[in-house]
Amino acid sequence: MSTFKIYPIRLGHSVQDYAFAVAREKFGQKTIWFMHGCFALKNNQTGEVTMMDTGSRHWTEVEKYNLPWTTNVEKGPTLTEALAKVGIKPEDVKRIILTHLHHDHCANLEIFPKDTPIYVQKAEFANACAPSPAERFDYTCLPYHNCPYWKEHILQFVGVEGDYEIEPGLKLLFTPGHTAGSQSVLIDTEKGQYAYTGDMYYCERNITEGIQHGNCMSVIDWQRSHTKIMQTGATPLALHTQSTFDVEYYG
């Protein structure tokens with residue numbers, strides 16, 4: 001069985017109302033830093049690199065095209081620059097796992113080799129192709145911008161249905177709720193098992209109290225997925241939570 005080191009790749013942050021992170025909280029009470037980035041895995045045995053999501057667009061593009069979302073407000077690095085800080089080049093990446101197809105999780109695919117397999121749940125792809133009006137913003141199905149970001153890469157997609165083992169020590173978990181086809185990733189490390197949960201969780205209270213955040217398409221599915229993740233016993237890694245980026249690597 002393989003073990004991995006998990007590198008959080010920080011690209012920046014935006015500021016969100018706390019009620020966005022914890023459902024049923026009052027708006028306007030306080031704000032949180034909403035982190036943007038992704039994760040890189042290095043296989044301790046083979047050295048192979050796996051990307052878990054590919055982050056959001058760089059702030060220069062957001063400003064240039066006046067895109068209707070704010071990321072990297074502190075003018076953070078490009079993904080290529082951020083990966084270089086942990087000794088990874090885009091051409092080193094052997095596979096990509098997308099937890100879902102929202103714009104801040106699947107931008108920058110063009111920097112990786114064109115034959116890199118991209119693992120996506122079939123349910124997520126179907127939903128992203130015909131999202132509900134409430135979801136069009138997050139999937140970037142916008143009439144004034146050439147989106148979605150994944151459209152040029154669909155022939156690289158590896159469609160997955162439900163839980164799926166990529167290799168011993170690296171497993172996909174079907175965890176819908178935030179979107180219809182969201183997935184998480186179970187990773188074995190030398191210091192135990194971690195679960196990268198994509199957008200299941202926005203803050204610690206989502207995890208510790210089982211309270212969903214304010215951006216779920218199905219609360220029932222979210223609760224079921226939360227229970228499924230907790231039952232694995234793995235340590236959750238939440239992308240948008242500030243504390244996730246306080247360490248150099250996990251494992």
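A word on the ground rules before you start. This is a predicted model, so local features need pLDDT of at least 70 and side-chain atom pairs count only at pLDDT 80 or more, while totals for chains, interfaces and linings use all residues. Residues are numbered from 1 along each chain as its sequence is written, and side-chain values use heavy atoms, with hydrogens and water left out.

**Exercise 1. Work out how the rings of Y201 and W222 are arranged, and what parts the pair ties together.**

Step 1: Rings of Phe, Tyr and Trp (its six-membered ring) pair if their centres lie within 6.5 Å; planes under 30 degrees apart are stacked, over 60 edge-to-face, and the rest tilted.

Step 2: the whole structure has 12 aromatic pairs by that search. In the pair Y201 and W222, the centres are 5.9 Å apart and the planes sit at 90°, so this one is edge-to-face.

Step 3: find the two residues in the fold. Y201 belongs to the loop between β10 (192-196) and α6 (204-208) and W222 to helix α7 (residues 219-232), so the pair links parts 21 residues apart in sequence. Helices (H or I, at least four residues) and strands (E, at least two) are DSSP runs, numbered from the N terminus.

Step 4: check burial. Buried means under 20% relative accessible area, exposed over 50%, and partly exposed in between (1.4 Å probe, protein chains only). Y201 comes out buried at 0%, and W222 is buried at 0% too.

**Exercise 2. Which rings have a charge over them, and how far is it from the ring centre?**

Step 1: the test is NZ of Lys or CZ of Arg within 6 Å of the ring centre and within 35 degrees of the ring normal.

Step 2: K30 lies over the face of Y18, 4.2 Å from the ring centre. The charged end of R57 sits over the ring of Y149, at 5.0 Å from its centre.

**Exercise 3. How many disulfides does the structure hold?**

Step 1: a disulfide here is a pair of cysteine sulfur atoms within 2.5 Å.

Step 2: take C38. Its closest cysteine sulfur is in C106, 12 Å away, which is too far for a bond.

Step 3: the count for the structure is 0. As for burial, C38 is buried at 0% relative accessible area and C106 is buried at 1%.

**Exercise 4. Describe the surroundings of T54.**

Step 1: T54 is in the loop between β3 (49-52) and α2 (59-64), and it is buried at 0%.

Step 2: list contacts (heavy atoms within 4.5 Å).

Step 3: The T54 side chain reaches the backbone oxygen of A107 at 2.5 Å. A polar contact is a pair of N or O atoms within 3.5 Å; within protein, one must be able to donate a hydrogen and the other to accept it, and residues adjacent in sequence count only if both atoms are side-chain atoms.

**Exercise 5. Is R24 buried or exposed, and what about D53?**

Step 1: R24 lies in the loop between α1 (18-21) and β2 (31-43), and D53 in the loop between β3 and α2.

Step 2: phi is near 75° for R24, a positive value in a residue other than glycine. For D53, also not a glycine, phi is positive and near 70°.

Step 3: R24 is exposed at 68%, whereas D53 is buried at 0%.

Key. Lists of a residue's contacts leave out its neighbours within four places in sequence.
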